[in-house]
Each structure stands twice: as structure tokens, then as C-alpha cells.
Amino acid sequence: ITTLEENIEKNLRSFLRETKDLQWENVTVIELKRILRQYELNATGKKAELMARIEKIRRSYKHLEDDIR
């Protein structure tokens, strides 16, 4: 049985993996919103706001990136 904490960590690792190599100058607003919605995160705002939201999450959970392959 998977615990809630394990599910949350799994989703965070998946989010970090998916957003790791985003090329901000090439990614579209539609793609940013898709990523945010996929992880049930707020997907409203302009491109700069969406990028800032993703970067804030990435910074907050940077310690989990060490295990991402």
C-alpha cells in the first residue's frame, strides 16, 4: 500500500523530471498550462507568471532532484 506521502513525493519527482529541461524561450503558454493542470496546480496567468510558478516549485523541492535520473 502506498502512503499519501509517497504519492506526493512521486508526483513531485515526476513534476521535477518533466520541467527539468524546459526551454523557457521555446515553451508555449498552452504547454505550461498543460503541465500545471496535469499536477492540479493553478494554471492561470501570463507566460511569465506560469514560468515563475513552476520555478518556485522547482526551487522549493530542489533537494528531490538529486535522485532524478
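Predicted model: local features only at pLDDT ≥ 70, side-chain atom pairs only at ≥ 80, totals over all residues.

Me: What makes the length of H3 close to the one expected for a helix?

Reply: H3, residues 47–60, has 14 residues and reaches 20 Å from its first C-alpha to its last, which is set against the 20 Å expected at 1.5 Å a residue.

Me: How do you know that the buried residues of H3 line one face of the helix?

Reply: Leu 50, Ile 54, Ile 57 and Arg 58 of H3 are buried, the cut-off being under 20% relative accessible area. Seen down the axis of H3, these buried residues fall within an arc of 100 degrees, and therefore they line one face. On the other side of H3, Ala 48, Lys 56 and Arg 59 are exposed, a term that requires over 50%.

Me: Why are H1 and H2 called roughly antiparallel?

Reply: Their axes come within 11 Å and cross at roughly 170 degrees; angles over 145 count as roughly antiparallel, and H1 and H2 are therefore described in that way. The contact is made by Phe 15, Glu 18 and Thr 19 of H1 together with Arg 34, Ile 35 and Gln 38 of H2.

Me: Which residues touch the most other members of the largest nonpolar core?

Reply: Of its 14 residues, these are Phe 15, Leu 22, Leu 32, Ile 35, Leu 36 and Ile 54, while the elements giving two or more residues to this core are H1, H2 and H3.

Terms used. Residues numbered from 1 in each chain as written. Heavy atoms only, no water. Helix = DSSP H or I, 4+ residues; strand = E, 2+ residues; numbered from the N terminus. Expected span 1.5 Å × (residues − 1). Buried < 20%, exposed > 50% of the residue type's maximum accessible area, 1.4 Å probe, protein only. Arc of directions from axis to C-beta. Core = buried A, V, L, I, M, F, W, Y, C linked by side-chain atoms within 4.5 Å. Axes fitted to C-alpha atoms, helices over the stretch in contact; angles between N-to-C directions. Parallel < 35°, antiparallel > 145°, perpendicular 65-115°, else oblique. Contact = heavy atoms within 4.5 Å.
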